[in-house]
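Keep the viewer open as you read.

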Amino acid sequence: MDPKQVVDSPILAVKFVPEMRRNVIHRGRLCTSLAAALQEGKVALIVAAAGYGKSTLLSSFVESYGKPSIWYRVDKADADPVMLLTRLLEAVLRRGPSAKALPEDRRGHGPEQWRVILNVLLTALGYDQARELVVILDDFEHIGQSPQTSACLEAMLSYLPPNVRLCIASRAEPRIAHILRLRQYGDLLQLGERDLAFSAEEIQEFFARHHGISIDAQQLSQLTQRTSGWPAVLPMIGQQIMARGTSGAPMVVDLGDANRSLYEYFAHCIVDGQPAAVQEFLERSSVLQQLTPRACDAVLETKNSWGILELLHQNRIFVSVVSDTDEVYVYHSLFREFLQARLRRRSGQAELVALHRAAERYFAGVGLTESALYHACEAGDWAGAAELIREGAPALIRSGHFETVLRWIGMLPGTSIESDPWLLLYKGQVLRFQEQLGPARQALLRASVVAGTLPERALQARLQYELGTLSYVAHQYQEGDVQLQAALALAIEGNEMALAAKAWAGLTVNYTAQDRFQEAVCAAEQALACTPFIADEATRSHSELRAIRHLSWAYLQSGEIEKAIETTQRMYRPLGSDTHKNLGQASLLCVLAAAQAAKGELDIALEHVSTAVDLAEKNSSPTIGNAAIQVKSLTLAFLGRLDQAEDAYRAADEPLRQVADLAYLRLLQGRLDDAAVIARRQLFQAESSSARSETARLSALLGAVEMQRGDLPAADRLLTRAAEQFAQLKLRYHAMGVDLHLAQLHFLSGDTDAGSQLLEKVLTYAEEEGLFNFFLWHPGIVAMLCTEALRRGLRPRYVQQLCQRRLDSTQQSALLPLFGSKGLPVRAQAGQPMPTAMGNPGRTGTDLSAMLGDCKDSEVKGRILDALMRARITPKGLDRLRGHYGLTWRETDIFIQYYLVHQDGLNEVAEATPRREQLARNLFLTDNTLRLHISSIRKKIGILGVRDGLAIFRWAVGEGIVSHAG
């Protein structure tokens, strides 16, 4: 064809002009990507279904790019490569060199006559190498399947001049090998439907600019999800929003309503042009949410689903690939709704229901319950849907997918739910896990009423068990006992040993909450005895692990620490790849670590509980994670790592934090007022609920706080009450911890005989049980009592081990004079004075209390008393600082904390040091206030020019303020 004939063509001018639309927004993010790619010399390929704005994007890009460009809109006539190249050449000649500069013979010869024209075209494109030229081929799908045209473009791409940038827009993937090579080497920018879909922000901008409307965030989110950001539908939606108002925005694309324009667009532009077999496939397969060749073959009873799906995807008939490996496809949501409406209109509702039932049978058969349930509900098969939920809910509940279970049940009509006791059971169980106790009880009671007419003992037993568990969570323990006992009797009668084991486990925790510890141990042993008779191996293993965990916990709560450790270690196994087994081991590690911490094996306990925390986080188990974090916090507190303990405590979910543990942590931190407030509040709640063991524990904790504050009568009253309560409950381990504090209290009050008797009793028990930790452990108290034990020769070898394992270097150094040359304790001879951590052995606790009587700040008083107990300062030194040097109580506290508590490695060379800044935070002072206090202290003690902290500490030793050099 001669170019002259082409120039005279009336359509040529149109084919060289980009399509311009009025309602366009600038796609900045996409234009930027195109510009960057073309500057790097890449080819741009835009492949998407109709209506995604390919041409609109390119026209907007050409306008913003500012470089010379050639736009060519391809049609079916261009399947002839001679026609295509001739037209492209004419477009180049309009912008480029004169025709005289090119070869005169532009007519092709032979079977591939287009090659001569291609050479002329490439020469024209590369005529001016310094000028960048953008060539855009739009609507490329019209020629993409032509072998001759593909060969022509293959050659064109292979020899494209370096100054030419090529953009191709098409509804179908071009079958050109060179494009595959470009993609492989990263020289191709490809944009698809996901890239071209409008974001929520772009949809809002479109409505605002072209329709002058704005919709709220919720409506915008629903609209974006429903349209999948398809640009073609937005002008119609904008018009309907203006007509109906923004309240109807999410529903304006309801194809069953009056949106005939969209219906006609899909019908005439997409579906009607397809072969009859493809049209039938499109309509009937629209019942499926996701399409796989196997599912389509089974549901539609065809044999060529893969070929049709691949053809639809290649031609971008609103089909997207979800997974390349599994060959999963999906229709665009609006296109799928159109196809369903078309199927209903052409074949009737019965055909639609029949297809849904076929899909339900297929998906149920391959174990895809979610999909089967959807089709059952779409077909109105409520009985089948209920059966699917009954089969699938237990596994989902075990794996913690509670929202899924509620969503499944919510898909059914209310009448179907209210008449099915199993569905009500699962609903109540899930609501209990979500701590919605009122609705959970209503569901379970309704299930009991419905099940009362059925002869299913297994169901009755399950309901009684769930009600008993719910009663436990609601602290209705006596009612829970009755319900769990009923569940146990029904389970044993029906030979349901797995349920019997669960009922015994429920009774274990219920008895523990009521301080019936021996009964709890017996119930846990009965649960363990049931496990060998469980037929299913996985259920048997799970039940055994749960029984062991409950038995260990019961032992731990009753104070039988060694039994708790031995029992847990029986079931602990190395970790593997099974998530559920690893979570079970994590729950065991929590109990094991708690028992080891109670025994005093703190490093091992910390290692185990850290593993449990990691496992819980890795496997997304907040219940186990919170339990492990709290055990970790307590273990860190025992180790004296109080800042880390505080961080761990704060990491737990706030509603699940053990507030009593926080009070104990505040006690160790010296924040006595905070500890007292927390403990009193918790004690009042415990007394109101008749929780005897918790009442005893909190009384002991508050007593320890009062003793630290110097209120010995109040401490005596609280500790004595706690000791009596623990004795009544036969909780010997906890009672010994309280006796330890009472022994300290007797020594402070001057009753050394009573103190010695209690101390020997505690040490004898601890040595026999192999314990190196005590209830309400406090290092200062233990250090002082170890001193008293060594002075009196009480259990010397055990005390030596205790000192080595649990006291820090400063506390141990204070006890060195009490050990002989071989490291063995030296017992005092009659009339021979012995060194003591309290300084002057003649001074009694009553004298100390009197010394601190005029100190009005309880926290300052507590820290100074703690320093006296820990041998940080002697009573004589305290008198000297107060009387001779005139330090206030606040200055005395700061002197002790700054120069005596932190004496290890002191070498202060700068005014602002990390040590001082940390102390300022601990004492709730600003750094400037603390510096002023330190300056005042130096003036009063007469060492104003000395800044070396170690030198000041040595001065304090020389002055008798401390009795040793550390």
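A residue counts as buried when its relative accessible area is under 20%, as exposed when it is over 50%, and as partly exposed in between, using a 1.4 Å probe and protein chains only. This is a predicted model, in which local features need pLDDT of at least 70 and side-chain atom pairs count only at pLDDT 80 or more, while totals for chains, interfaces and linings use all residues. Residues are numbered from 1 along each chain as its sequence is written, and side-chain values use heavy atoms, with hydrogens and water left out.

Most residues other than glycine have a negative phi. S228, which is not a glycine, has a positive phi of about 55 degrees. You will find S228 in the loop between helix 11 (217–227) and helix 12 (234–244); helices here are DSSP runs of H or I with at least four residues, numbered from the N terminus. S228 has 34% relative accessibility, so it counts as partly exposed. H475 also has a positive phi, near 65 degrees, and sits in the loop between helix 25 (457–473) and helix 26 (477–493). Because its relative accessible area is 58%, H475 is exposed.

Next, the cysteines. If a disulfide is a pair of cysteine sulfur atoms within 2.5 Å, how many disulfides does the count come to? The count is zero. C31 is buried at 6% relative accessibility, and C377 is buried at 13%.

Burial can also describe a whole element. In helix 47 (residues 889–901), 11 of the 13 residues are buried, so the helix is largely enclosed by the rest of the structure. Among those buried residues are W889, D893, F895 and Y899.

Finally, look at helix 27 (residues 497–513) and helix 29 (residues 537–557), whose axes come within 10 Å and cross at roughly 15 degrees. Axes are lines fitted to C-alpha atoms over the stretch in contact, with angles from 0 to 180 degrees between N-to-C directions. The two helices are therefore roughly parallel to each other, a label for angles under 35 degrees. In the contact, meaning heavy atoms within 4.5 Å, helix 27 contributes residues including A498, A505 and T512, and helix 29 contributes residues including S543, R546 and W553. The residues of this contact divide into six nonpolar, six polar and two charged; Ala, Val, Leu, Ile, Met, Phe, Trp, Tyr, Cys and Pro count as nonpolar, Asp, Glu, Lys and Arg as charged, and the others, Gly among them, as polar.

How values were computed:
Parallel < 35°, antiparallel > 145°, perpendicular 65-115°, else oblique. Disulfide = S-S within 2.5 Å.
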